[in-house]
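Let's learn to read a protein model together, one feature at a time. Have a look at it first.

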Amino acid sequence: MKRPLLLALPLSLVAFAGCGSSDATPKVNKSDLPGSALACLESKDIPAHQTGENGDELVLDSGEKIKFYLTADSAIAEQFAGHGEGAEQIGTALLFIPPETSKKNDDLLHDVEVCLANL
């Protein structure tokens, strides 16, 4: 009868090991994906601001733009309709990238993609 208790202790220690980490991504608010994405970008020191009629766009100081839609299917439909040509679809967002990038910008884009993928 003591074996389950002995197994529970190491498992609980493993579960709590990641709690309180300073590099943890911010919590995702599913009702405010642009706000959650902005919080994630800010946690990675990526300057950006929220814009758009409904606050559904993020513009990065480096020139990239992120437009959020209600569903991933809506984002895909925008691409097919010709309103998202050249954009990368990540979940419910379209990430518009300038045509020319640098190594530094590629590293930044990786962090942006991670933030969007974690929504």
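Q: Where do we start, and how far can I trust the model?

A: This is a predicted model, where local features need pLDDT of at least 70, side-chain atom pairs count only at pLDDT 80 or more, and totals for chains, interfaces and linings use all residues. Residues are numbered from 1 along each chain as its sequence is written, and side-chain values use heavy atoms, with hydrogens and water left out. pLDDT is the predictor's confidence in each residue, from 0 to 100. Here the chain has a mean pLDDT of 82, with 78% of its residues at 70 or more.

Q: Over which residues does pLDDT stay under 50?

A: Where pLDDT is low, the predicted coordinates should not be read in detail. In this chain that applies to residues 5-22, where pLDDT stays under 50 and the model has zero contacts beyond four places in sequence. A contact means heavy atoms within 4.5 Å.

Q: How many helices and strands does the chain have?

A: Helices (H or I, at least four residues) and strands (E, at least two) are DSSP runs, numbered from the N terminus. You'll find four helices and five strands, in the order α-α-β-β-β-α-β-β-α from the N terminus on.

Q: How do I read a helix, say α2? Which of its residues are buried?

A: An α-helix has 3.6 residues a turn, so residues three or four places apart point the same way. Buried means under 20% relative accessible area, exposed over 50%, and partly exposed in between (1.4 Å probe, protein chains only). In α2, which spans residues 33-43, the buried ones are L33, P34, S36, A37, L38, C40 and L41. Their cover includes β1, β2, β3 and α4. For the chain of 119 residues, 28% count as buried.

Q: What happens at the ends of α2?

A: D32 caps the N-terminal end, with a side-chain oxygen 3.0 Å from the backbone nitrogen of G35. After α2 comes D45, which has a positive phi, near 60 degrees.

Q: What about charged side chains? How many salt bridges are there?

A: Side chains of opposite charge can pair when their charged atoms come close. The rule for a salt bridge is a side-chain nitrogen of Lys or Arg within 4 Å of a carboxyl oxygen of Asp or Glu. That gives two salt bridges here. In one of them, K67 meets D56 at 3.1 Å, N to O. These partners are eleven residues apart: K67 is in strand β3 (residues 65-68), while D56 is in the loop between β1 (48-51) and β2 (57-60). K67 also meets E57, at 3.7 Å from N to O. That pair links β3 with β2, ten residues apart. Shared partners join D56, E57 and K67 into one network.

Q: Are K67 and D56 buried or exposed?

A: K67 counts as buried because its relative accessible area is 19%. D56 is buried too, at 16%.

Q: Which rings have a charge sitting over them?

A: A charge sits over a ring if NZ of Lys or CZ of Arg is within 6 Å of the ring centre and within 35 degrees of the ring normal. K65 does this with F96, 5.0 Å from the ring centre. K67 lies over the face of Y69, at 5.6 Å from the ring centre.

Q: And what does P98 touch?

A: P98 is in the loop between β5 (93-96) and α4 (103-117). Leaving out residues up to four places away in sequence, P98 touches G63 and E64. P98 and E64 are 34 residues apart along the chain, yet their C-alpha atoms are separated by 6.4 Å.

Terms used: Polar contact = N/O pair within 3.5 Å; in protein donor to acceptor, adjacent residues only side chain to side chain.
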